[in-house]
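Please read the model below together with its sequence.

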Amino acid sequence: MIGSGPKADLHRYLQEARDALLWKLDGLSEYDVRRPLTPTGTNLLGLVKHLTGVEIGYFGETFGRPVEQLPPWLVDLESAESADPTVDMWATAEESREEIIGYYRRACAHSDATIDGLALDAAGRVEPWPEHLRAVTLHRILVHVLAETHRHAGHADIVRELVDGAAGMVAGNENLPEVDRRWWAEHRDRLERVARAAATGQ
């Protein structure tokens, strides 16, 4: 149970972003969780893979608390010079959704142990960052990972809506007007007309 206070508040918002991200995969087929829906290939399961590495790196290596077993794709990313630089942003046909989500949950649990075990002013070091930024605190990393996770949860919002029209903030609280799909279709058409009128000056 996450309590109250500055660290607990940051931790709670991070957990809410994690939950929202995974919720976006609910009810989708293996194809739909892998579908690339942007020119750079953004897809739902790839976002989970990427954030697994984010959790492991920032709350593990940064504070001298490495995980015991890295996910295979992170081993490939770190060790092979010719590795696909996007390997952590998409899932192969052989990688199951359950496997990837399992790695993500374990990474988050490892992060939670770091967050619970250290003070906000605990010192760490992010080696890949520029030298003048490498010295960090747990507070800085919590803010950084919170921001990155919410950013990618926002990506997942859009990708999920492109897959099947499903939208909303979190399970049980969509934070959207209570209207039907027909209303949304008409609303979108209205916005398209407005955009075209603005573009043509009419």
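The paragraphs that follow describe the fold, a helix packing and several salt bridges.

The model is predicted. The secondary structure of the protein consists of seven helices and two strands. The C-alpha trace spans about 60 × 45 × 35 Å along its principal axes. Of the 202 residues in the protein, 37% are buried. Among contacts between residues at least 6 apart in sequence, 66% join residues at least 24 apart.

Helix α1 covers residues 6-23 and helix α3 covers residues 44-59. Their axes come within 11 Å and cross at roughly 155°. Angles over 145 degrees count as roughly antiparallel, and α1 and α3 are therefore roughly antiparallel to each other. The crossing of these two helices is left-handed. On the α1 side, the residues in contact are Leu14, Arg18, Leu21 and Leu22; on the α3 side they are Leu47, Val48, Leu51, Glu55 and Phe59. Sorted by class, this contact has seven nonpolar residues, two charged residues and no polar ones.

The next topic is charge pairing. Side chains of opposite charge can pair when their charged atoms come close. In this model the count comes to 15 salt bridges.

One of them joins the side chains of Glu30 and Arg97, with an N to O distance of 3.0 Å. This pair links distant parts of the chain: Glu30 lies in helix α2 (residues 30-34) and Arg97 in helix α5 (residues 97-117), 67 residues apart. How exposed are the two partners, Glu30 and Arg97? Glu30 counts as partly exposed because its relative accessibility is 36%, whereas Arg97, at 12%, counts as buried. The cut-off for buried is under 20% relative accessible area.

Asp32 forms a salt bridge with Arg35, where the closest N and O atoms are 3.2 Å apart. The relative accessibility of Asp32 is 16%, so Asp32 counts as buried.

Terms used:
Residues numbered from 1 in each chain as written. Predicted model: local features only at pLDDT ≥ 70, side-chain atom pairs only at ≥ 80, totals over all residues. Heavy atoms only, no water. Salt bridge = Lys/Arg side-chain N within 4 Å of Asp/Glu carboxyl O. Helix = DSSP H or I, 4+ residues; strand = E, 2+ residues; numbered from the N terminus. Buried < 20%, exposed > 50% of the residue type's maximum accessible area, 1.4 Å probe, protein only. Axes fitted to C-alpha atoms, helices over the stretch in contact; angles between N-to-C directions. Parallel < 35°, antiparallel > 145°, perpendicular 65-115°, else oblique. Left-handed = near helix turned anticlockwise from the far one by under 90°. Contact = heavy atoms within 4.5 Å. Nonpolar A, V, L, I, M, F, W, Y, C, P; charged D, E, K, R; others polar.
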